[in-house]
Amino acid sequence: MSRHRSVQFRRALVEYDLEPSDDAVLRAHAFDSSVRSAAMALTEQVEIALRGRLDVAVEARVGVRWYLSPSTFGADFDHAAFLAVARRVLDRSLEPAVRSAWQGGRFERIPFGMLAEELSFGDLVRLASGVGPTPRAEIAAGFRVPTSTLRSTLLHVNHVRNCCAHHVRLWGRRLRVPPPTFRSPLELLRRLDGLPKRSPAHSIELLAYLAETTGPCDRHTAALRRLLDEHDDLVDGLGGRPTWARA
């Protein structure tokens with residue numbers, strides 16, 4: 001790792017009253033990498049579900065190319081800017097089916113389900129935040145969060161995803177983009193209780209809660225629990241243990 005990254009871990013070890021030796025730095029780095037892998041796996045489930053839930057929530061009302069209609073979105077949504085993004089991602093797609101359908105640059109040949117596979121998570125968040133109130137509420141219900149928190153929840157998930165994808169250190173730090181302050185549902189409040197806001201543990205608990213709405217995520221949570229059990233002295237650097245990783 002770079003000298004700067006090594007210094008980051010060494011300082012974090014000192015902050016948590018741990019021995020800042022070279023071996024300890026390497027161990028903390030390996031632990032952080034494994035935590036990021038587990039978190040990334042959970043964000044993958046959320047991202048794939050968001051593509052599907054967004055399409056289902058709007059398609060029944062507008063059709064498979066609903067993204068082409070400005071009336072699908074709120075007044076504050078920049079529809080022209082989104083179509084420019086869509087054109088760019090379709091232009092550079094390497095997927096044979098997309099390249100074939102996109103010949104001639106005609107949006108009417110591209111259903112949203114096809115386009116969604118090319119969009120970034122950030123693009124999907126903007127769409128989910130920009131559609132009308134009824135489909136937005138349906139998407140929020142699918143993830144079991146209040147509609148008022150959908151955008152901020154997804155923005156936080158996107159931030160965690162980007163940190164993991166770009167190998168940004170999670171252990172021993174606070175996340176820059178905060179999750180929302182939830183006031184419901186009770187199950188989520190119970191699970192987040194006692195986990196410091198902006199801590200990796202808080203984010204991982206939230207990710208697991210969202211991922212569970214898409215299907216089983218036991219494989220990822222069990223792997224993380226084993227990891228925490230094997231590195232109990234490093235748990236404080238995450239802000240604690242998620243509820244399913246406690247004794």
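Predicted model: local features only at pLDDT ≥ 70, side-chain atom pairs only at ≥ 80, totals over all residues.
Me: How do the lining residues of the largest pocket divide into nonpolar, polar and charged?
Reply: When the residues of the lining are sorted by class, they divide into four nonpolar, two polar and four charged.

Me: How many aromatic pairs are there, and which kind of pair do Tyr67 and Phe82 form?
Reply: The count comes to ten aromatic pairs. The ring centres of Tyr67 and Phe82 are 6.4 Å apart with their planes at 80 degrees, and an angle over 60 degrees counts as edge-to-face. This pair links distant parts of the chain, since Tyr67 lies in the loop between helix 2 and helix 3 while Phe82 lies in helix 3, 15 residues apart. The kind of pair is therefore edge-to-face.

Me: Is Phe82 buried or exposed?
Reply: A residue counts as buried when its relative accessible area is under 20%. Phe82 has 7% relative accessibility, and so it falls under that cut-off and counts as buried.

Me: Which kind of pair do the rings of Phe77 and Phe82 form?
Reply: The centres of the Phe77 and Phe82 rings are 6.2 Å apart, and their planes stand at 50 degrees. Edge-to-face needs over 60 degrees and stacked needs under 30, so the pair of Phe77 and Phe82 is tilted.

Me: Where is Arg36 found, and is Arg36 buried or exposed?
Reply: Arg36 is found in helix 2 (residues 22-62). Leaving aside neighbours within four places in sequence, Arg36 is in contact with Arg5, Cys163, Cys164, His167, Val168 and Leu170.

Me: Which helices do the buried residues of helix 8 pack against?
Reply: Helix 8 (residues 150-165) has 16 residues and reaches 22 Å from its first C-alpha to its last, close to the 22 Å expected. Its buried residues include Leu150, Leu154, Val157, Cys163 and Cys164. The elements that these buried residues of helix 8 pack against are helix 2, helix 6, helix 7 (133-142) and helix 10 (200-212).

Note on methods. Residues numbered from 1 in each chain as written. Heavy atoms only, no water. Nonpolar A, V, L, I, M, F, W, Y, C, P; charged D, E, K, R; others polar. Helix = DSSP H or I, 4+ residues; strand = E, 2+ residues; numbered from the N terminus. Contact = heavy atoms within 4.5 Å. Expected span 1.5 Å × (residues − 1). Buried < 20%, exposed > 50% of the residue type's maximum accessible area, 1.4 Å probe, protein only. Phe/Tyr/Trp six-rings, centres within 6.5 Å; stacked < 30°, edge-to-face > 60°.
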